[in-house]
Structures are given as structure tokens and as C-alpha cells.
Amino acid sequence: MLSFITEKLTAWEKLKAETRPIFIYGMGDGAEKIMRVFQEKGIPFAGIFASDDFVRGHSFAGHKVRKLSEIEAAVDDFVIVLAFAAGYQSLVDKIVDISKRHTLLVPDVPVAGGGLFTYDYCLEHADEIETVYNLLADDYSREVYASILNFKISGEIHYLMDVTTPKSEIYRKLMHLTPNEIYVDLGAYNGDTIREVLQYTRGKYIRIYAMEPDRKNFKKLLKNTDGMQNVYPFHAAAWCTDTQVPFATKAGRQSAVTATGQTIDARTVDSVLEGRPATLIKMDVEGCEREALWGSAQTIAHYTPKLMVSLYHRNEDMFSLPLLIQKLNPNYDIYIRHQLYIPAWETNLYAVPKKQN
């Protein structure tokens, strides 16, 4: 069982055993999370650096932020821990180039929820992981799935580089969008995915429903869809019931439902649609995908819409979300693809109705 998981040693264990100086590359939420794990595990680090053109004499968490060039001039051999997310080609290329000069690891810390993704964690959920691996619709999905799991354990970026798929290929070869889509966008942000979808439908659609809980993002969504016909925006979080939930606003992509925060409206897809069909649903809701799926249960069961679901926010998403979709409606072919990103963000599930013979 789990023969496709070849990495047993975590990035944290590798770093714990290191004798070379360890430098954290980046600042912000990711660095704070990594530093907390370092403290828990007794992993020392020698400092923090940022890209040369980004350093402006500032400090982070009590450490002076240095330039990589300064460290390279002063230290012969060291280890780099990447602590930020890179999602565009020139920055990914830069990180890959650095990894050719220095040992570079990207320890996995969840976007939402707690715990660390380790080989032992995989063993605890071996039946579920094995089940998902076997239900995937093509060999490449299984390769991607295995690579992402191995990356999350090891922190080795080659696992991501080996299985990166262009977004255009996903839309064209998997989703097969048509001009007759009834599209539900959960976590609509500023309408960016609406624009993407319409690129592949030649600007045509039947209806669009868009949910966005962050107030500032919602204003941008309204502005960017102004004048479009049959677009229904909702200033609400996607959830499993119609209710209100606490929400931490960050006016960006990481705004999320949390234990504390300002109370906002939450809606289900089923209640928004009121029994009407959907042909395509996207879910990128910062760790609330499980609740959003339950809130779409009737629509998914009755209409089998195509699904695009983020798999990277919580540790359990890699197995719990595919299994939940299979439970709600077994008439799907399920694919997994990873788009350009370090760490394993933009690892998504794509569910397409099975072809009827």
C-alpha cells in the first residue's frame, strides 16, 4: 500500500539534521508559520533574506532582512528554506536557478487548519489515499497525485516542476467549456476566473453566479462584471447552510472564514440556484471547500456539473474532497492537475461527467 509514496523523510527532519547554516527566503505569513515549526522542533536558522531588488533595510521578526548576494559573499555553503508562494514563470525560474546553486527546501505548511503533512500522516490515512489514487481517471492524474504527496513530505521542488500543466491545456483538454455554461464561481475574488472561463467560451454563457465574501474584493467583482447580462453576484461566503459565519478579511486571495472575525452572510449553492441547474462550479474558498461541496450536494447529485475544486488548503483535502465528490455523485471522471506554483498551491481537482456509453 502507498507504493507510489517514495519519500519517507520530511523536510523538517532534513533541516533538523543539517549542520550547514539555514536561511529563510521570504517574509510574511509563510515565514511566520515556518519559524513557529522551527521553534517547536528546535531547528535553528541563521537569518532571513529577500531578493536583492526587494531589500530596503527593513527587518522581519526581529531579524535584519539581508540580500541573497550578501549571504553568498559571506557564507560558503548554506541551506535555503523558501517561505513564500511563487506563481508566475519568471519568479519560479529564479527559484529553480537558486536551487541549482544551493540546497533549497520548501517545507509544507497548510494554508488552513493545523498539523503537518508527513509520511506518518499518510500512513494514518492510507486507505483513503489509496482509494483516491485508484479512482483517478488517467495515469497522469495518478502521477500528479503521487508527486504532490511526495513534495508535501520532502519539500523538494522537482516534484512540482515535473507535473506542471498549463492552465490553457486544462481548460481545453479536460473541461471542454461551451458557450452554454451556467457557471457558479465560489471565491470569485475580483472576477479573474470569470474572465478565464469566458476566454474559452468566446465570451458566451447562459448565466453566471458569483460568491465573494470579502467586501473590497466584492466591490472589484461588481466593477469588473458591470454591464454583463445574467450575472448574479452574492456578497457571501460559500457554506453548507444558509447562515452567518465569522470572517477574517484581508482584501486579497487569502481572506477566509475563521474562528473569530466580522460576521458575514453565508449561502449554499443549492439555495442560490433554487433547484435550477449549473453546468460548471469552481470552488477556491480558502479551506471551506468541504462545506461548499455539501452546500452544493443537491446540484451536484441532480445535474452533475463540471467541478474545479482547490485541493491545497488543508492537509486532508488531498483525499477527503475527492472522496466526498465521489460520495455525492459517482458519475464523474476525476482528474488532478497542478498549475505553475511553488509550493503545491494551484493543485486542483477537475471532475467531469462520465461519458454515457
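This is a predicted model: local features need pLDDT of at least 70, side-chain atom pairs count only at pLDDT 80 or more; totals for chains, interfaces and linings use all residues.
Me: What describes two packed helices?

Reply: The angle between their axes and the distance between the axes. Here, the axes are lines fitted to C-alpha atoms over the stretch in contact, with angles from 0 to 180 degrees between N-to-C directions. Helices are DSSP runs of H or I, at least four residues, and strands are runs of E, at least two, numbered from the N terminus. The axes of α6 (residues 126–135) and α15 (residues 317–328) come within 9 Å and cross at roughly 60°. The pair is therefore oblique: under 35 degrees counts as roughly parallel, over 145 as roughly antiparallel, 65 to 115 as roughly perpendicular, and the rest as oblique.

Me: Which residues make the contact between α6 and α15?

Reply: Contact means heavy atoms within 4.5 Å. From α6 come Glu128, Ile129, Thr131, Val132 and Leu135, and from α15 Met318, Phe319, Pro322, Leu323 and Gln326. By class, that is seven nonpolar, two polar and one charged residues. Ala, Val, Leu, Ile, Met, Phe, Trp, Tyr, Cys and Pro count as nonpolar, Asp, Glu, Lys and Arg as charged, and the others, Gly among them, as polar.

Me: Now α9: which of its residues are buried?

Reply: Buried means under 20% relative accessible area, exposed over 50%, partly exposed in between (1.4 Å probe, protein chains only). In α9 (residues 167–175), Ile170, Tyr171, Leu174 and Met175 are buried. Seen down the helix axis, they fall within an arc of 110°, so they line one face of α9; the arc is that of the directions from the axis to the C-beta atoms. Arg172 and Lys173, on the other side, are exposed.

Me: What do the buried residues of α9 pack against?

Reply: Their partners are α10 (192–199), β14 (280–283), β15 (306–310), β16 (332–338) and β17 (347–353).

Conventions. Residues are numbered from 1 along each chain as its sequence is written. Side-chain values use heavy atoms; hydrogens and water are left out.
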